[in-house]
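Okay, thanks for coming, everyone. I'd like to walk you through a two-chain model today, so let me put it up on the screen.

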Amino acid sequence: MNTPNALQVSAPGDREIVMTRVFDAPRHLVFEAFSKPELLKRWLLGPPGWEMVVCQVANKIGDSWRYEWRHTDGRQFGTGGVCRELVPNARVVFTENMDGYPSESVVTTTFTEQDGKTTVTMTQSFPSREIRDMVLKSGQDRGVAMSYDRLAELLKGHARAANPPL
Amino acid sequence: MTPSHRLDATFAALADPTRRAILARLADGEASVNELARPFSMTQPAVSKHLKVLERAGLVSRGRDAQRRPRRLVARPLAEATGWLERYRRIWEGNFLRLDGLLVEIKAARTRTKRNPGKGESR
């Protein structure tokens with residue numbers, strides 16, 4: 001599946017994760033969706049079962065931000081930091097300390113518009129390769145949980161299909 | 001090596017463009033150190049050094065021929081590294097697909113508001 005808007009993720013160099021995604025909307029709308037709590041809560045959710053319960057955003061340089069999620073099974077996860085740069089509709093730089101991780105990363109998000117489409121590039125820079133890889137690993141854990149959800153759904157459908165009336 | 005250490009070694013080995021080129025060459029089939037050195041216009045010791053890093057990461061192994069000592073690609077750690085990135089990618093793709101839907105909704109709401117000021121979105 002290679003649509004023109006497809007998400008690109010790479011881990012170039014030793015300490016970074018870079019994501020690039022194109023959205024079919026002008027950049028002021030995309031920027032809004034990245035910066036207003038009532039909108040963030042509707043899409044920044046991760047795998048099924050997670051709800052965003054805290055969404056405190058930074059409105060100016062020096063402000064702190066904090067996001068928290070809760071899963072229906074009771075698990076919780078949070079992350080937050082401080083805003084370092086804020087150019088509306090163009091560029092945001094903030095620090096991030098994820099709960100349970102020993103150190104800070106710096107996330108740079110840029111928004112560029114061409115022909116009514118917006119390219120968002122998020123570069124997350126970690127203090128060391130070990131920590132970057134640990135974050136990728138946590139993505140794996142959450143990803144696996146999500147895959148299990150999918151598998152369960154698939155199996156339900158399959159059980160129906162595989163049990164024709166005798 | 002624990003899976004986490006193995007992944008560290010894999011990412012470190014892949015961080016260098018020459019080593020990625022060596023792996024790309026080995027993906028076409030095994031090759032001796034001499035054969036590997038040629039296209040890169042590098043000395044044999046320089047190539048050997050890169051091969052040592054790749055071997056330590058478990059990405060390259062040595063073939064049986066004692067004379068040529070051909071190196072060959074070991075695909076598993078590479079698949080592991082891309083597997084982790086792939087799962088990370090999948091989580092974010094889920095987020096961004098939801099955002100696509102939300103943007104469609106916001107655009108439609110704004111268009112309605114422009115056509116019928118006073119109706120539609122309450123602000």
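Predicted model: local features only at pLDDT ≥ 70, side-chain atom pairs only at ≥ 80, totals over all residues.

Residues are numbered from 1 along each chain as its sequence is written, while chains are lettered from A and ligands numbered from 1 in the order in which they are written.

Chain A has three helices and eight strands. Those are DSSP runs numbered from the N terminus, H or I of at least four residues for helices and E of at least two for strands. Going along the sequence, the order is β-β-α-α-β-β-β-β-β-β-α.

Let's look at some strands. β3(A), residues 50–56, runs antiparallel to β4(A), residues 64–71, with six bridges joining them; strands count as paired if DSSP finds at least two bridges between them. Trp50(A) sits opposite His71(A) in β4(A). On we go to β5(A), residues 76–87, which is also antiparallel to β4(A), through seven bridges. One pair to click on there is Tyr67(A) with its bridge partner Thr79(A) in β5(A). β4(A) and β5(A) make a hairpin with four residues between them, and in the turn Gly74(A) has a positive phi of about 100 degrees.

Now α1(A). Its buried residues include Arg27(A), Val30(A), Phe31(A) and Ala33(A). They cover an arc of only 160 degrees around the axis, so they sit on the same side of α1(A); the arc is that of the directions from the helix axis to the C-beta atoms.

**Over to chain B**

Which residues touch the most other members of the largest nonpolar core? Ala13(B), Leu54(B) and Leu59(B), out of 19 residues in that core. By nonpolar core I mean buried Ala, Val, Leu, Ile, Met, Phe, Trp, Tyr and Cys residues joined through C-beta atoms within 7 Å. Helices α1 (3–14), α2 (17–27), α4 (44–56) and α5 (76–115) of chain B each give two or more residues to this core, and α1(B) has the largest share, with four. There's a second, separate core of 10 residues, including Phe23(A), Val30(A), Phe31(A) and Val120(A).

Take α4(B) next. Buried here are Val47(B), His50(B) and Leu54(B). Down the helix axis, the buried residues of α4(B) fall within an arc of 65 degrees, so they line one face. Pro45(B) and Lys52(B) are exposed, on the face turned away from that buried side. Just after α4(B), Gly58(B) takes a positive phi of about 75 degrees.

**Where the chains meet**

The contact takes 30 residues from chain A and 25 from chain B; two residues are in contact if their C-beta atoms, placed from the backbone, lie within 7 Å. On the chain A side, β2 (16–23), α1 (27–35), α2 (37–43) and α3 (129–162) each give two or more residues.

Definitions and conventions
Buried ≥ 20, exposed ≤ 12 C-beta atoms within 10 Å, placed from the backbone.
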